[in-house]
Amino acid sequence: MISTNTTIKDFVILGFPGLDPTYYGPVSTLLFFTYLAILVGNIFILVFVGVERTLYKPTYLVFCHLAMNDLLFGTVTLPKIISRYWWDDKITSFAACFTQMYFVHSLGAIHSLLLLIMALDRFIAICFPLKYPVLISNKIISLSCGLSWIGTFLRMMGIALHALTLPYCDSNIIVQCYCDHISITNMACGGDVKYVKTVAVTFAMFSLLLPISFILFSYISIFVVVLRMQNKEGRYKTLSTCTPQLFISCLYYLPRCFVYLAHNTGFTFSPDIRILLVLLYSLIPCAVNPIIYCFKTKDIKDILMKRLKNVKVGIK
């Protein structure tokens, strides 16, 4: 229940505070095409894997969950900031802002868990190939991904409700392109603000550090196994199966780790640079992941090449 001391009824999404109004049009257009790329790319992956029966494998099921996550994240974050610069629609209601915050953090945590599942799939496939059919199946992957979605949504519900217990009586201007926990709680009042922030940061670190620790362990183990292979062709083939997953993981984690390390070492960014970095590591993977699936995954690439050849033959 929202505290009766709350005086804020809505929030103002400021976006980039230093952006000249002259550039509102180009920025909104760039964000629109980014959203379009996210929509087209991830819907294509979902439809393509759904149609191709040969791709009904654990690895591609995880790809589908990641595509759904990216699609939802883009839909949750981009339309409002596009309308803010396109039509100067910068007001968002109190409830809408909290709802957006809830989904932003939920989808981010789910993405991290899906990357963990993807790394586990490759780790068992390469380090314990004989046990792979027993330990990894479509049913097990679907169950693991499903629990990641459900468990995270329930856990983040507690974080959002915890933030709602605070009274909000400070500025209502959010210096960000979407509502997030830090931006919202910075406007809270009362002695419990620090405690609410600490709980949220603890859960965020858990969602980030636990998956990335296992992902690092799994890929180091995989590289050790690959280096021990005598057959160069087998070594290349094994590495090629990990390349898409490694690219996707790096796109997600490296920029985040850079921002966190910079913050902890006292290196500060201007508000505009900070917001740009957040947008880059939040949205670029959503738009680029489908390209990685298509051009770095052998099965998908082979099927696409075959379809393109058939189309060319049909045209002739």
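## Strand pairing

In this predicted model, strand 1 (residues 10-13) and strand 2 (residues 91-93) pair in the antiparallel sense, with 3 bridges between them. Within this pairing, Asp-10 stands opposite Ser-93 of strand 2. Strand 1 also runs parallel to strand 3, to which 2 bridges join it. Here Val-12 is the residue that faces Ile-173 in strand 3.

Together these pairings give an open sheet of 3 strands in the order 2-1-3, and the pairing is mixed. Strand 2 and strand 3 are the edge strands, each pairing on one side only.

## Disulfide between Cys-97 and Cys-179

The structure contains 2 disulfides. In one of them, Cys-97 is joined to Cys-179 with an S to S distance of 1.9 Å. This pair links distant parts of the chain, 82 residues apart: Cys-97 belongs to helix 3 (residues 94-127), whereas Cys-179 lies in the loop between strand 3 (173-174) and helix 6 (181-185). The torsion about the S-S bond of Cys-97 and Cys-179 is about -110 degrees, and the disulfide is therefore left-handed.

## Disulfide between Cys-169 and Cys-189

Cys-169 and Cys-189 form a disulfide in which the sulfur atoms are 2.0 Å apart. Cys-169 is placed in the loop between helix 5 (138-164) and strand 3, and Cys-189 in the loop between helix 6 and helix 7 (193-227), so this bond ties together parts that are 20 residues apart in sequence. Cys-169 counts as partly exposed because its relative accessibility is 38%.

When the bonded cysteines are counted along the chain, the disulfides of the protein follow the pattern 1-3, 2-4. Cys-177 takes part in no disulfide. The nearest cysteine sulfur to that of Cys-177 belongs to Cys-179 and is 11 Å away. Why does Cys-177 count as buried? Its relative accessible area is 1%, and the cut-off for a buried residue is under 20%, so Cys-177 falls within that class.

## Nonpolar surface patch

A nonpolar patch on the surface is formed by Phe-32, Phe-33, Leu-36, Val-40, Trp-86 and Trp-87, which together have about 650 Å² of accessible area. Helix 1 (residues 24-51) supplies the largest share of this patch, with 4 residues.

Leu-36, one of the patch residues, is found in helix 1. Leu-36 is partly exposed, with a relative accessible area of 36%.

## Surroundings of Ser-249

Ser-249 is located in helix 8 (residues 232-264). At a relative accessibility of 3%, Ser-249 counts as buried. Which residues does Ser-249 touch, not counting residues up to four places away in sequence? The contacts of Ser-249 are with Leu-115, Met-118, Ile-215, Tyr-219 and Leu-254. Of the elements already described, helix 3 spans residues 94-127 and helix 7 spans residues 193-227.

How values were computed:
Residues are numbered from 1 along each chain as its sequence is written. This is a predicted model: local features need pLDDT of at least 70, side-chain atom pairs count only at pLDDT 80 or more; totals for chains, interfaces and linings use all residues. Side-chain values use heavy atoms; hydrogens and water are left out. A disulfide is a pair of cysteine sulfur atoms within 2.5 Å. Buried means under 20% relative accessible area, exposed over 50%, partly exposed in between (1.4 Å probe, protein chains only). Patches are made of residues with over 30% relative accessible area and no salt bridge: like charges are joined within 9 Å, nonpolar side chains (Val, Leu, Ile, Met, Phe, Trp, Tyr) within 5 Å. Accessible areas come from the Shrake-Rupley method with a 1.4 Å probe; for residues, only the protein chains shown count as cover. A salt bridge is a side-chain nitrogen of Lys or Arg within 4 Å of a carboxyl oxygen of Asp or Glu. Two strands pair if DSSP finds at least two bridges between them. Contact means heavy atoms within 4.5 Å.
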